[in-house]
Amino acid sequence: MTDHPVLLVTGGSRGIGASTCRLAAAAGWQVAVNYASNAAAAEAVVAEIRDAGGSAVAVEGDVGTEAGLASIFAAVDATFSRLDGLVNNAGIVGHPARLDEISVERLERMFAVNVIGSIRCAQEAVRRMSTQHGGRGGVIVNVSSMAAILGSAGQYVDYAASKGAIDTFTIGLAREVAAEGIRVNLVRPGIIDTDIHASGGLPDRARDMAAAIPVQRAGAPDEVAQSILYLLSDAASYVTGAALNVSGGR
Ligand code: NAP
């Protein structure tokens, strides 16, 4: 492999993650495109990047399990022998429900993927990137949600709370590793037109919500990915512990 920096994007096979992988590859990153189950989607992103002259590999692994995390980082280490960036993008929602209808199994899975998965990926990244561990520094971008601010009452307060945890984690980790060459920031997407709404049982949500968004439309995955790319880049060299809302004013 080349000496270009290496970026791991969790949930890089579809939606915001796939856009991030494509734009990062175009910006010169070698990209590890993580996915949980849809190998074909991940391979399509990899093929697109390679066709455009970039470097990418698909990396299978569920960030919500220790086995999945182990296989993701084993693949990154074996393929690239370095890690310079992490985008903690993999995330799940549930079907709309009030809190009194939500099962403990749903809560455990939501927090395993959205919170513990992101924290564990960041932990493994810090172990590889921190100058305190002999690394050359790096950058982490966590994908939160405007739900962390708005609370998602009557829809998915569990999801909103999981993203609130990511917001707090970002502030603390940013301060913890700032002197070790690692910047840590987050983006908060608003309503973005991806498959996640169908996975939550509301396939038309992006279109249905348009009138409630100040700019009167849902966002495109590339519009979030552009903000992630900014935070990954040297243009953001003095930005750490910051939150960037990408929400059309909502
Ligand atoms: P999406 O279209 O549903 O894509 C989800 C991606 O994550 C897929 O690549 C999926 O891979 C992967 N994934 C899911 N569970 C995983 C797991 N346990 N381990 C590893 N990968 C996993 O989602 P999206 O809308 O792009 O959302 C990306 C992030 O943005 C999420 O954190 C989400 O909470 C956040 N966000 C989205 C919106 C929005 O309106 N779209 C708004 C605010 C925040 P497979 O295909 O293999 O399952």
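Student: In β4, which residue is the bridge partner of L8?

Tutor: The model is predicted; local features need pLDDT of at least 70, side-chain atom pairs count only at pLDDT 80 or more, and totals for chains, interfaces and linings use all residues. Residues are numbered from 1 along each chain as its sequence is written, and side-chain values use heavy atoms, without hydrogens and water. Strand β1 (residues 6-9) pairs with β4 (residues 85-88) in the parallel sense over three bridges; strands are DSSP E runs of at least two residues, helices H or I runs of at least four, numbered from the N terminus, and pairing takes at least two DSSP bridges. In β4, the partner of L8 is L86.

Student: Which strands stand at the edges of the sheet?

Tutor: The sheet is open, parallel and seven-stranded, in the order β3-β2-β1-β4-β5-β6-β7. Each edge strand has a single partner, so one side is left without a neighbour in the sheet. The edges are β3 (55-60) and β7 (243-246).

Student: Are α4 and α6 roughly parallel or roughly antiparallel to each other?

Tutor: The axes of α4 (residues 104-129) and α6 (residues 157-177) come within 10 Å and cross at roughly 15 degrees. Axes are fitted to C-alpha atoms, for helices over the stretch in contact, and angles run from 0 to 180 degrees between N-to-C directions. Under 35 degrees counts as roughly parallel, over 145 as roughly antiparallel, 65 to 115 as roughly perpendicular, the rest as oblique. The two helices are therefore roughly parallel.

Student: At what angle does α4 run to β4?

Tutor: α4 lies across β4, β5 (138-143) and β6 (182-189). Its angle to β4 is about 175 degrees.

Methods: Contact = heavy atoms within 4.5 Å.
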